[in-house]
Amino acid sequence: MTRRKILIMAGAMALVSAAGIAWPLRHLQAEEMALYPGDRILGDRAAPVTILEYSSLTCPACAAFHRDTLPKIKETWIAEGKAKLVYRHFPLDGVALRAAAVANCIEGERFFSFLDVLFKSQKRWAKSKDPMKAIGQIARLAGLSGDKFESCANDQAEMDKILAVAQEAKATYGIARTPTLIINGRKVEGTRSYDYIGRIVKEVMQGT
């Protein structure tokens, strides 16, 4: 990727991640939460609670959420069919954007497994001298050939789609930081405990 393209993407992502106002969101039913054809969904699509997650693969707080909180949400709410998680990329830098494009090449349930590995090993690859090379090693373990990885990591059309979704998130939900969850219209920003998120889930379930 050329330096010019990196600078262009950095400028676009600066617009995406700029601090915004606190947007008031009304309580929504799960079926009112707009889903995209390419959304990656964990859990029962018919679950009464929809949890939209906006995360950046280079965000330490996002890694903490996936390591410490999401497993409990999966066990308690998702596995029981009460909630589904819809993961959406909100890249905060060029590496996160390219990593997101690679992740989107992973099909089916392996997508979430790949995310788990990336977040768990984030400190190692994100701080390496060549982050994309390190991600490529992980991608090969996930079944991507070297050629396929290079194609995915440099897929400008896919990266444009990712940035478009991030811009839509900012316009629709006022997303300004990661991780941010939208739980049936309730915005939960930053690092929050499982108990806090569980309380929100219970509250929106009472309104379904």
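1. A pocket, as the word is used here, is an open set of grid points with protein on both sides within 12 Å along at least five of seven lines, and its lining residues are those with an atom within 4 Å of a point. In this predicted model, the second largest pocket is lined by Thr-58, Pro-60, Ala-63, Arg-67, Phe-119, Lys-120, Gln-122, Lys-123, Ala-126 and Lys-127. The elements that each give two or more residues to this lining are α2 (60-78), α4 (110-120) and α5 (122-126). The volume of the second largest pocket is about 180 Å³, and its lining divides by class into four nonpolar, two polar and four charged residues.

2. The largest pocket holds about 350 Å³ of space, and 16 residues line it, with Gly-38, Asp-39, Asn-104, Glu-158 and Val-165 lying nearest its centre. Two or more residues of this lining come from each of β3 (83-89) and α8 (156-173), and it is α8 that provides the largest share, namely four residues. When the lining of the largest pocket is sorted by class, seven residues are nonpolar, three are polar and six are charged.

3. Of the 208 residues in the chain, 47% are buried.

4. The aromatic side chains deserve a careful look, and the count comes to four aromatic pairs. In one of them, the rings of Tyr-54 and Tyr-173 have centres 6.3 Å apart and planes at 50°, and the pair is therefore classed as tilted, since only planes over 60 degrees apart count as edge-to-face and those under 30 as stacked. Because Tyr-54 belongs to strand β2 (residues 49-55) and Tyr-173 to helix α8, this pair ties together parts that are 119 residues apart in sequence. Both Tyr-54 and Tyr-173 are buried. Ring pairs also link Tyr-54 and Tyr-173 with Phe-90 into a cluster.

5. How are the rings of Tyr-87 and Phe-111 placed relative to each other, in distance between centres and angle between planes? They form an edge-to-face pair, with 6.0 Å from centre to centre and 65° between the planes. This pair, too, links distant parts of the chain, since Tyr-87 is in strand β3 and Phe-111 in helix α4, 24 residues apart. Tyr-87 has a relative accessible area of 3% and is therefore buried, and Phe-111, at 1% relative accessibility, likewise counts as buried, the cut-off for this term being under 20%.

6. Phe-111 takes part in a further arrangement, in which the charged end of Arg-40 sits over its ring at 4.4 Å from the ring centre. An arrangement of this kind is also found for Arg-192, which lies over the face of Tyr-196 at 4.5 Å from the centre of the ring.

7. A last point concerns Ser-55, which has its place in strand β2. Is this residue buried or exposed? Ser-55 has a relative accessibility of 1%, so it counts as buried. The side chain of Ser-55 makes a polar contact with the side chain of Glu-53, at 2.6 Å.

Key: Residues numbered from 1 in each chain as written. Predicted model: local features only at pLDDT ≥ 70, side-chain atom pairs only at ≥ 80, totals over all residues. Heavy atoms only, no water. 1 Å grid on protein atoms, 1.4 Å probe; cavity = no way out; pocket = protein on both sides within 12 Å on 5 of 7 lines; lining within 4 Å. Points joined across faces, edges and corners; volume = space filled by probe spheres on them. Nonpolar A, V, L, I, M, F, W, Y, C, P; charged D, E, K, R; others polar. Phe/Tyr/Trp six-rings, centres within 6.5 Å; stacked < 30°, edge-to-face > 60°. Buried < 20%, exposed > 50% of the residue type's maximum accessible area, 1.4 Å probe, protein only. Lys NZ or Arg CZ within 6 Å of the ring centre and 35° of its normal. Polar contact = N/O pair within 3.5 Å; in protein donor to acceptor, adjacent residues only side chain to side chain.
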